[in-house]
Amino acid sequence: MPDIAPRPTGPYAGGPPASALHVDMPPLERFGLREAGRTVVIGVVLLVSVLLKLLAWPLRPDGRGPADAAAEGTVDAFEVLGPTFVKLGQLMASSSGVFPKPLADACLRCLDDVAPVPADRARAVIEEDLGHPVGELFARFDDVPLAAASVGQVHACVLHDGREAVVKVQRPGIAHRMLVDLRAAYVGARLLQAFEFFRIANATAIIRDLHSSTMTELNSAVEADRQSRFRECIGAFGDNTTVTTPQVYWDYCGPRVICMERLRGVPMDRVPADAGIDTSLLIRRGVKVWIESVVLHGPFHGDVHAGNLWLLDDGRLAFLDFGIVGELPEHWRAILRDLFRATAIDGDFARVARGIRALGYTSGLDADDAEIGMQVAQALAPILGRDLGQLRLSDLIVALIRLGKQWGIASPEELVLFGKQLGYFERYATALAPGWVIGRDLYLLRNVFPAEVARRAAEQGLELPA
């Protein structure tokens, strides 16, 4: 029989080496001539874009105010300035409670696809990372991308064994460009701290978070690893069969390339109202998986806007795009478990206080566990016990900052991180799950507190969905 040559694969065949999962974090505070020049460009583009919109505002027939015009000019500037600022706009759009409504609404444009890089440049990145021509790696590769975002773009392909897949490939040179932009934006954020709104919103912390998440996202091995771990954890309890995320095909992954299973469907915010789909149950199933990932497993999806939640053609819900992923240490997972237990099951916020005290917080506070627990309850229970569609992320963050001041610390950053993820659900909760109260939904906690949830559901005569 003739020899059959093995198919070419990339450097991560069988899984990435440990060294590939190291995230390089260049210092954000470094500021040289390149950053200085970029800062001037950013300032000029923002100023000109906003002024042009304001000058044209009196001629607008739609009756919208000058704040709307300025917001549109800001987003025009973001699009001109490129991927880093488009990403900042996406953050603003997904955290609407933190930013002025005109700006958050205008930034919704940043959630749309951006212009793709030419196919030959995308192919060059794939071939450099995987070490083989695209024509040898895949049976078919579509040069027209399915989608293009600020950091990369997605191309459809077919593996030699017939499996349909997609390849997510980074834009050439994007890492250096975004680092320079982030350093320039950080200087601007420090200057804006002189204004009360930006001080309350903690503008510098927003840029630091964006720097951390962007540097992590630029390591495709880390993104693919977290996606794989999230996928494995979905079925940890034998349920959650209606929720999935794409399988990673490690044989065709590299430092800037991820190859994964192709899923077909539509974003949740584009599901027709008359489709006969129980969108409320779908969202509850998705949030159940997300909460389990936060408080039990580790990696959790940190960009859960509706465009990253898809209704698949087979009726399942899929989490897509793991460019932004969080992971809390076990002690903070325990505190959040206690928080959900108190909110949904027994009202014992003193248990939450004991966990917080064990971390060294509140050590100088003249208050017992019951009093500290009451402070936590007053700050968080009204928010977790409210219709999620009424949740304002700014309310949650201000409450947490106020709580931190009571404890003598700047702010409990881990809880703020968790609160920011809750805020990503707010834009579509009202339309897809009206009246839903996340903190009191026992179904979400079935695998977190199995015995307690079963008992409470029986007491209330509730039949929890599959």
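# Briefing: helices, salt bridges and surface

Val44 is found in helix α1, which covers residues 33-56. The model described here is predicted. Its protein chain holds 18 helices and 11 strands, and 53% of the 466 residues are buried.

**Chain as a whole**

- The accessible surface of the protein chain comes to about 20,900 Å², and carbon and sulfur atoms account for 56% of that surface.
- Among contacts in the protein chain with a separation of 6 or more, 67% are between residues 24 or more positions apart.

- Together with Val40, Val48 and Leu52, Val44 makes a nonpolar surface patch of about 360 Å².
- Two packed helices are described by the angle between their axes and the distance between the axes.
- Helix α1 packs with helix α7 (residues 174-192) at an angle of about 70 degrees, and the two axes are 9 Å apart.
- α1 and α7 are therefore roughly perpendicular to each other, because angles of 65 to 115 degrees are put in that class.
- On the α1 side, the residues that meet α7 are Arg34, Glu35, Arg38, Thr39 and Ile42.
- On the α7 side, the residues that meet α1 are His176, Val180, Asp181, Arg183 and Ala184.

**Salt bridges**

- Side chains of opposite charge can pair when their charged atoms come close.
- The structure holds 28 salt bridges.
- One of them joins Asp143 and Arg123, with the closest N and O atoms 2.7 Å apart.
- This pair links distant parts of the chain, 20 residues apart: Asp143 is in the loop between β1 (140-141) and β2 (147-148), and Arg123 is in helix α5 (residues 119-130).
- Asp143 counts as partly exposed at 36% relative accessibility, and Arg123 counts as partly exposed at 26%.
- The side chains of Arg284 and Asp441 also meet in a salt bridge, at 2.8 Å from N to O.
- The Arg284 and Asp441 pair links distant parts of the chain, 157 residues apart: Arg284 belongs to helix α11 (residues 279-297), whereas Asp441 is in the loop between α17 (426-432) and α18 (450-460).
- Asp441 has a relative accessible area of 8% and is therefore buried, as the cut-off for that class is under 20%.
- Asp346 and Arg351 form a salt bridge through their side chains, at 3.0 Å from N to O.
- Asp346 has 37% relative accessibility and counts as partly exposed; Arg351, at 21%, also counts as partly exposed.

**Gly14**

- Gly14 is placed in the segment before α1.
- At 75% relative accessibility, Gly14 counts as exposed, because the class begins over 50%.
- Leaving aside residues up to four places away in sequence, Gly14 touches Trp250 and Asp251.
- Gly14 and Cys253 are 239 residues apart along the chain, while their C-alpha atoms are separated by 9.9 Å.

Key:
Residues numbered from 1 in each chain as written. Predicted model: local features only at pLDDT ≥ 70, side-chain atom pairs only at ≥ 80, totals over all residues. Heavy atoms only, no water. Patch = residues over 30% accessible without salt bridge, like charges linked within 9 Å, V, L, I, M, F, W, Y side chains within 5 Å. Areas by Shrake-Rupley, 256 points an atom, 1.4 Å probe, with all protein chains shown as cover. Salt bridge = Lys/Arg side-chain N within 4 Å of Asp/Glu carboxyl O. Helix = DSSP H or I, 4+ residues; strand = E, 2+ residues; numbered from the N terminus. Axes fitted to C-alpha atoms, helices over the stretch in contact; angles between N-to-C directions. Parallel < 35°, antiparallel > 145°, perpendicular 65-115°, else oblique. Contact = heavy atoms within 4.5 Å. Buried < 20%, exposed > 50% of the residue type's maximum accessible area, 1.4 Å probe, protein only.
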